[in-house]
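Subject: Structure handover

Hello,

Here is the structure I promised to pass on. Please open it first, then read my notes below.

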Amino acid sequence: MPLKIPADASSLLIRRSAFESIGLSRANIDGVLGLTAEEFRVEEDLIVVGPVFDVAALGDLVSELENRGLVYFEDFFELSGN
């Protein structure tokens, strides 16, 4: 089933293999963003986090992913709501 990407805020798309390779968990992301069930979706090899309305928290999460060794646009990217 295709994942819907909301147009009213940013979403973060992460390759599932990259997410798992650094030992990240949904709880880690919830600690930063406080997500609902609909804001953390997994479909095959893709994880979609969002919509994220807190721009500062999204920036913190991107920094955390990079600090753990993930590469922007290879392992994950932010899709703006524009």
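Arg-68 and Glu-64 form a salt bridge through their side chains, at 2.6 Å from N to O. This is a predicted model, so please read each value with that in mind. Both partners sit in the middle class of accessibility. Arg-68 has a relative accessible area of 33%, so it is partly exposed. Glu-64 is at 32%, which also makes it partly exposed. The cut-offs behind that label are simple: under 20% is buried, and over 50% is exposed.

A search of the whole structure gives three salt bridges. Opposite charges on side chains can pair when the charged atoms come close. Here are the other pairs.

Helix 1 covers residues 16–21 and holds both Glu-20 and Arg-16. Their side chains meet in a salt bridge, with 3.1 Å from N to O. The two residues are four apart, or about one turn of the helix. Arg-16 is partly exposed, at 33% relative accessible area.

Helix 2 spans residues 26–33, and Arg-26 and Asp-30 both belong to it. Their closest N and O atoms are 3.2 Å apart, and the pair forms a salt bridge. How far apart are Arg-26 and Asp-30 along helix 2? They are four residues apart, so about one helical turn separates them. Arg-26 has a relative accessible area of 28%, so it is partly exposed. Asp-30 is at 25% and counts as partly exposed too.

Now to the strands. Strand 1 runs over residues 10–15. Is strand 1 largely enclosed or largely open? Five of its six residues are buried, so the rest of the structure largely encloses strand 1.

Which strands pair with strand 1? One is strand 3, residues 46–52. Strand 1 and strand 3 run antiparallel and are joined by five bridges. In that pairing, Arg-15 has Leu-46 as its bridge partner. Another is strand 4, residues 76–79. Strand 1 and strand 4 are also antiparallel, with four bridges between them. There, Ile-14 has Phe-76 as its bridge partner.

If you want a place to start, look at strand 1, with strand 3 and strand 4 paired to it.

Best wishes

Technical notes:
Residues are numbered from 1 along each chain as its sequence is written. This is a predicted model: local features need pLDDT of at least 70, side-chain atom pairs count only at pLDDT 80 or more; totals for chains, interfaces and linings use all residues. Side-chain values use heavy atoms; hydrogens and water are left out. Buried means under 20% relative accessible area, exposed over 50%, partly exposed in between (1.4 Å probe, protein chains only). Two strands pair if DSSP finds at least two bridges between them. A salt bridge is a side-chain nitrogen of Lys or Arg within 4 Å of a carboxyl oxygen of Asp or Glu.
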